[in-house]
Amino acid sequence: MRIILFGAPGVGKGTQAKILSAKLHIPHISTGDILRQAVKDQTPLGMEAQKIISKGELVSDEIMIGIIKDTLTGESCKNGFILDGFPRSKKQAVDLDGLLNELNIDKVFIVSVTADEEDLVKRLSNRRACKVCKNIFNYNEVRDKKNCPVCGAENSFYQREDDTEKVIRHRMEVFNSTTKPVLDYYSEHKKIIVVDGSGTIEKVTESILEKLK
Ligand code: AMP
């Protein structure tokens with residue numbers, strides 16, 4: 001199965017993608033995680049991406065399309081994938097269509113997860129991630145914990161540099177101006193599955209799986 005998970009920052013794409021990846025046995029491709037890994041490894045891409053990510057801007061379409069091309073043509077994506085965070089512009093969506101055509105892939109599910117923008121700003125401000133397993137938590141869930149409840153790593157929680165209110169608000173603006181038009185593009189030729197992302201993690205997963213049937 002091939003899925004594109006679409007939605008505003010903080011709507012839960014990463015969390016849902018991880019769960020779906022385990023349930024459906026398909027790899028979770030998060031372009032944000034790929035970039036953050038490059039930043040950590042201090043590669044030339046990482047050094048360039050760091051400045052852009054910390055401001056809440058988008059990395060160039062050319063770079064992102066190159067990353068996706070390398071990833072989707074790899075062996076691990078042969079039988080399916082869940083894209084989280086890509087495409088984020090109409091150009092990325094058009095180029096992805098071209099790539100999928102080249103790979104003879106015609107069936108892709110577009111899942112759009114929605115939620116109220118102000119709720120997302122609050123959610124992101126309280127977001128913490130485990131730097132080892134990359135799972136995401138609410139600050140209140142882990143404030144008194146020393147170990148990650150998922151992988152057990154010690155003192156591994158951190159707040160992303162781009163999860164400060166000023167940067168979060170800018171990311172929302174970028175989402176509304178540049179990323180939302182991707183949905184208009186898809187709605188011209190594809191069915192979009194819309195899922196309410198404001199419920200519990202379990203409810204959202206249930207709803208996605210039900211609608212994918
Ligand atoms: P995410 O983890 O998906 O929220 O992505 C974190 C940051 O990585 C974004 O705010 C962008 O700066 C960058 N990024 C991730 N995916 C893309 C993409 N498809 N196009 C451009 N920039 C991206």
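1. Strand 1 and its parallel neighbours. Strand 1 and strand 3 (residues 81–84) run parallel and are joined by four bridges. Within this pairing of the predicted model, Leu 5 has Asp 84 of strand 3 as its bridge partner. Strand 1 also pairs with strand 4 (residues 109–114), again in the parallel sense, here over five bridges.

2. Burial of strand 1. Strand 1 spans residues 2–7, and six of its six residues are buried, so the strand is largely enclosed by the rest of the structure. In a regular strand, side chains alternate between the two faces of the sheet. Both faces of strand 1 are covered. Arg 2, Ile 4 and Phe 6 are buried on one side, and Ile 3, Leu 5 and Gly 7 are buried on the other.

3. A separate point concerns the open sheet of three strands, whose order is 6-5-7 and whose pairing is antiparallel. Strand 6 (136–138) and strand 7 (157–158) are the edge strands, each pairing on one side only. Strand 5 (residues 127–130) is joined to strand 7 by two bridges in the antiparallel sense. Here Cys 130 lies opposite Phe 157 of strand 7.

4. A salt bridge between helix 5 and a loop. The structure holds 11 salt bridges. One of them joins the side chains of Asp 97 and Lys 190, with an N to O distance of 3.4 Å. This pair links distant parts of the chain, 93 residues apart: Asp 97 belongs to helix 5, whereas Lys 190 sits in the loop between helix 9 (181–189) and strand 8 (192–196). The two partners may be considered in turn. Asp 97 has a relative accessibility of 14% and therefore counts as buried, the cut-off being under 20%. Lys 190, at 22% relative accessibility, counts as partly exposed.

5. Side chains of opposite charge can pair when their charged atoms come close. Glu 118 and Arg 169 form a salt bridge in which the closest N and O atoms are 3.0 Å apart. Glu 118 lies in helix 6 and Arg 169 in helix 8 (residues 165–179), so that the pair links distant parts of the chain, 51 residues apart. Glu 118 counts as partly exposed at 41% relative accessibility. Arg 169 is also partly exposed, with a relative accessible area of 32%.

6. A salt-bridge network. Asp 163 and Arg 171 form a salt bridge, with 2.9 Å between the closest N and O atoms. Both Asp 163 and Arg 171 are buried.

7. Negative surface patch. Asp 116, Glu 117, Asp 119 and Glu 173 form a negative surface patch. Asp 119 belongs to helix 6 (residues 117–125). With 40% relative accessibility, Asp 119 counts as partly exposed.

8. Asp 95 and its separation from Ser 125. Asp 95 is placed in helix 5 (residues 90–102). At 26% relative accessibility, Asp 95 counts as partly exposed. Asp 95 and Ser 125 are 30 residues apart along the chain, and their C-alpha atoms are separated by 33 Å.

9. Backbone geometry in the loops. The peptide bond from Phe 86 to Pro 87 is cis, with omega near 0°. Pro 87 lies in the loop between strand 3 and helix 5. Asn 104, a residue other than glycine, has a positive phi, near 60°. Asn 104 is located in the loop between helix 5 and strand 4, and at 70% relative accessibility Asn 104 counts as exposed. Asn 155 likewise has a positive phi, near 45°. Asn 155 is in the loop between helix 7 (139–142) and strand 7.

Terms used: Residues are numbered from 1 along each chain as its sequence is written. This is a predicted model: local features need pLDDT of at least 70, side-chain atom pairs count only at pLDDT 80 or more; totals for chains, interfaces and linings use all residues. Side-chain values use heavy atoms; hydrogens and water are left out. Two strands pair if DSSP finds at least two bridges between them. Patches are made of residues with over 30% relative accessible area and no salt bridge: like charges are joined within 9 Å, nonpolar side chains (Val, Leu, Ile, Met, Phe, Trp, Tyr) within 5 Å. Accessible areas come from the Shrake-Rupley method with a 1.4 Å probe; for residues, only the protein chains shown count as cover. A salt bridge is a side-chain nitrogen of Lys or Arg within 4 Å of a carboxyl oxygen of Asp or Glu. Lys and Arg count as positive and Asp and Glu as negative; His and the chain ends are not counted. The place of a charge is taken as NZ of Lys, CZ of Arg, CG of Asp or CD of Glu. Buried means under 20% relative accessible area, exposed over 50%, partly exposed in between (1.4 Å probe, protein chains only).
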